[in-house]
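Trainee: Let us go through this model in questions and answers. Please keep the answers brisk.

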Amino acid sequence: MSNKEFRTALIQLFVSSNKQENIKRAVEFISIAAKNNAQIISLPECFNSPYGVKYFPEYSESIPDGETTKALANAAKEHKVYLIGGSIPERDGDKLYNTCTVFDPEGNLIAKHRKVHLFDIDIPGKITFKESTNLSAGNQLTIVDTSYGKIGIGICYDIRFAEMAALYQKKGCRMIFYPGAFNLTTGPAHWELLIRSRAVDNQLYVAAVSPARCMDADYKAWGHTSVSNPYGEIISKAGADEEVIYADIGFLFSFFFVFS
């Protein structure tokens, strides 16, 4: 098990209806993060497409031969970084998935996480959303063995399931990344609470990466991309607008904190 420290960069990207522009700007921000000495970089959920069931079929692509996956692979290789590709709508045969790709510093696709817990919600008078309208659920955990240690991958609603995070911890993960797009109802209520809870529950670092907020979008993301240490302290946090945040991660922190 590696205990090397590393710097992570979380890109809170503004997502438009222009897929090619979203990809281009994501790659530009990856370059900026790499120049600021980030070794593990993450994009947000659904970064190449507006978030909504009516958009998923149009913006979907196959993996690994789709344009988004190729662009991310090239960016990881060019900058010699581990890249967590947020998520994109993936098409596999006649099924669609909300999928996160992960690349090593040579540009190899080393993991693919399909969102396990689909976001189906109905809060009367506030928000109704049903991913299962046209998305299928994944059915497995995704653990990435990096040179800095093992990391687990979840997507958005996956963070609400404590058992999933506990399984990652039991399998040796020291950090979990959750690309996620909470909204203006669930965000202020639970976003930071869940990040800190998963961190304290399992004595590991947790990063949650949101798109930037756009009030003109059909779905308005909460933003506030954040990193919690194993003590439940938020050590890096964005606002609502587009930005890149950084956190220096030292896994030894979690080895010495014991509940009394």
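Trainee: How are H1 and H3 oriented to each other: roughly parallel, roughly antiparallel, roughly perpendicular or oblique?

Mentor: Helix H1 (residues 19-35) and helix H3 (residues 67-79) cross at roughly 15 degrees, and their axes come within 10 Å. Axes are lines fitted to C-alpha atoms, for helices over the stretch in contact, and angles run from 0 to 180 degrees between N-to-C directions. Angles under 35 degrees count as roughly parallel, over 145 as roughly antiparallel, 65 to 115 as roughly perpendicular and the rest as oblique. H1 and H3 are therefore roughly parallel.

Trainee: At what pLDDT do side-chain atom pairs count?

Mentor: Residues are numbered from 1 along each chain as its sequence is written, and side-chain values use heavy atoms, with hydrogens and water left out. This is a predicted model, so totals for chains, interfaces and linings use all residues, local features need pLDDT of at least 70, and side-chain atom pairs count only at pLDDT 80 or more.

Trainee: What is the handedness of the H1 and H3 crossing?

Mentor: Left-handed means that the near helix is turned anticlockwise from the far one by less than a right angle; right-handed means clockwise. The crossing of H1 and H3 is right-handed.

Trainee: How are H4 and H5 oriented: oblique or roughly parallel?

Mentor: Helix H4 (residues 162-170) and helix H5 (residues 186-202) have axes 10 Å apart and an angle of about 40 degrees. Their crossing is right-handed. H4 and H5 are therefore oblique.

Trainee: Which residues of H4 and H5 make the contact?

Mentor: The residues divide into three nonpolar, two polar and two charged. H4 supplies Ala 162, Ala 165, Ala 166 and Gln 169, and H5 supplies Arg 198, Asp 201 and Asn 202.

Trainee: Is Thr 225 buried or exposed?

Mentor: Thr 225 sits in the loop between strand S12 (205-209) and strand S13 (226-228). Buried means under 20% relative accessible area, exposed over 50%, partly exposed in between (1.4 Å probe, protein chains only). Thr 225 has 0% relative accessibility, so Thr 225 counts as buried.

Trainee: The side chain of Thr 225 has a polar atom 2.8 Å from the backbone nitrogen of which residue?

Mentor: Among the residues that Thr 225 touches are Trp 191, Ser 210 and Ile 245. At 2.8 Å from a polar atom of the Thr 225 side chain lies the backbone nitrogen of Ser 210.

Trainee: What is the phi of His 224?

Mentor: His 224 lies in the loop between S12 and S13. With a relative accessible area of 17%, His 224 is buried. Most residues other than glycine have a negative phi. His 224 is not a glycine, yet its phi is positive, near 60 degrees.

Trainee: Which residue does the side chain of Lys 237 meet in a polar contact at 2.9 Å?

Mentor: Lys 237 belongs to strand S14 (residues 234-237). Its relative accessible area is 43%, so Lys 237 is partly exposed. A polar contact is a pair of N or O atoms within 3.5 Å; within protein, one must be able to donate a hydrogen and the other to accept it, and residues adjacent in sequence count only if both atoms are side-chain atoms. The side-chain partner of Lys 237 at 2.9 Å is Glu 192.

Trainee: Which backbone oxygen does the side chain of Arg 7 reach?

Mentor: Arg 7 is in strand S1 (residues 6-12). At 26% relative accessibility, Arg 7 is partly exposed. At 3.1 Å, its side chain reaches the backbone oxygen of Asn 36.

Trainee: What is omega of the cis peptide bond that joins Ile 63 and Pro 64?

Mentor: Pro 64 lies in the loop between helix H2 (56-59) and H3. For the cis bond that joins Ile 63 and Pro 64, omega is about 15 degrees.

Conventions:
Helices (H or I, at least four residues) and strands (E, at least two) are DSSP runs, numbered from the N terminus. Contact means heavy atoms within 4.5 Å. Ala, Val, Leu, Ile, Met, Phe, Trp, Tyr, Cys and Pro count as nonpolar, Asp, Glu, Lys and Arg as charged, and the others, Gly among them, as polar. Lists of a residue's contacts leave out its neighbours within four places in sequence.
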